[in-house]
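Hi there,

Here is the structure I promised to pass on to you. Please have it open while you read my notes below.

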Amino acid sequence: MIDIQNCVPCCAHPTTIVVVDSYPNGPQHLSNLLGGPPWRYRFYRDPMKALEFLESNPQSSSFLPHWQRDPTHSHHLHSVAAADVVNGVLRRAFNPQRHRQIAAVLTRHAIFHINGPQLCQRVDLPHVQTLLLGPVNNRDEVIGLLSQGKINGFLDENHLRARLKQRVELACTRYFQGFSAATYDLLSFFDEHHPLFKASVKHLVESTARDVGAVEFYLCTVWGDFVLITATGRVYGLIVRGNAQLDTFLASPQAKRAQSSVLQALRLRTHLLCLPPQGHTSSPPPDQWRHYLQPAQPIDEAATIHHALVPDWVQLDERAFTPFAYCDKPALPIPIDPESTPHLFGL
């Protein structure tokens, strides 16, 4: 059984966070605490207006393949080609509305008309995380809501300044992990020990994305290759391979046609073969593989998994791909409206 919370999401990209705070200066205060990219915010003082927006947003279904939208198809997952599923993941990168996807709802406990927990329970969008913000008078109530799954998290007023942004990051990770669960269930049918199920790979992808300034990433092959994309559209390839995967590849008929120096580098784990993802270009023949070798590094002390980072690995089609920096960017920051104001920070 896969523990999805230990897995790197199969994709992550900037999203929209809905924030509800009925205090007079509440939206401005939370805006100051949240700040910075890569999220887009909608602030509300009136929770009923927030619910109208949430209930009218058809955001989730358009991003799911049919076999994941319809639970009755779950027992047929093994009949779906894994490569087709992964291609569906990468297609999200080419949806210019991806940053409008709602990942989380943050609400104060005390708000107009209804309370925060009641608002959270009316959020009915797949995998969207709900975070309740203090102050609260009854902490036992909060514990009960968490244990019953009626809210996904709670943050006390005293910890807002230090932890709010971190909790939003976690909520977004949980949102994408939720979407990833069906994809990983399918991959586990073929390989229950896939490196993608390891917490060390999750840490690798997230830390590498930070290091190169990527604001989104997508799984693009069933082996474990990711494209990491910066806000301006530069693409890095992050190739991840487990020892079992490498041994299987080295024993394949195709590998036997490669040069001995290439095979030796793969056996010694000094390099990884970083071929462009299928569909981007025609796959190069084995006698050209030496041009696609990249230095490899182990990601764990036991050296059971290796990775390689490839700058400018592929070029995304500029006619179809809109980098996040150019997605619906407002010209200037605008004041927070009493009801709602879309606002993209930091870019």
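What follows is a short tour, from the whole chain down to single side chains.

Please keep in mind that this is a predicted model. The chain has 347 residues, and 52% of them count as buried. It contains ten helices and 14 strands. Of the contacts with a separation of 6 or more, 70% are between residues 24 or more positions apart. The chain exposes about 16700 Å², with 51% of that supplied by carbon and sulfur atoms.

Five of its six residues are buried, so S7 is largely enclosed by the rest of the structure. S7 pairs in the antiparallel sense with strand S1 (residues 11-12) over two bridges, and alanine 12 has phenylalanine 217 as its bridge partner there. S7 also pairs with strand S8 (residues 225-230), again in the antiparallel sense, over five bridges. S7 and S8 make up a hairpin with five residues between them, and glycine 224 in the turn has a positive phi of about 130°.

Next, have a look at aspartate 21, in the loop between strand S2 (16-20) and helix H1 (26-34). Aspartate 21 counts as buried because its relative accessibility is 0%. What does its side chain make polar contacts with? One partner is the side chain of arginine 108, at 2.8 Å. Leaving out residues up to four places away in sequence, aspartate 21 touches several others, among them Leu30, Tyr44 and Arg45.

Then there are the aromatic rings: a search of the whole structure finds eight pairs. In one of them, the ring centres of tyrosine 44 and phenylalanine 53 are 6.3 Å apart and the planes are at 35°, so the pair is tilted. Tyrosine 44 is buried at a relative accessible area of 3%, and phenylalanine 53 is buried at 18%. Phenylalanine 249 and tryptophan 289 are likewise tilted, because their planes are at 35°, with centres 5.4 Å apart. Phenylalanine 249 lies in helix H9 (residues 243-250) and tryptophan 289 in the loop between strands S10 (271-273) and S11 (293-295), so this pair ties together parts 40 residues apart in sequence. Both phenylalanine 249 and tryptophan 289 are buried.

Finally, arginine 42 lies over the face of phenylalanine 53, at 4.1 Å from the ring centre. Tyr175, Phe176 and Phe179 form one aromatic cluster.

Terms used: Residues numbered from 1 in each chain as written. Predicted model: local features only at pLDDT ≥ 70, side-chain atom pairs only at ≥ 80, totals over all residues. Heavy atoms only, no water. Helix = DSSP H or I, 4+ residues; strand = E, 2+ residues; numbered from the N terminus. Buried < 20%, exposed > 50% of the residue type's maximum accessible area, 1.4 Å probe, protein only. Contact = heavy atoms within 4.5 Å. Areas by Shrake-Rupley, 256 points an atom, 1.4 Å probe, with all protein chains shown as cover. Pairing = 2+ DSSP bridges. Polar contact = N/O pair within 3.5 Å; in protein donor to acceptor, adjacent residues only side chain to side chain. Phe/Tyr/Trp six-rings, centres within 6.5 Å; stacked < 30°, edge-to-face > 60°. Lys NZ or Arg CZ within 6 Å of the ring centre and 35° of its normal.
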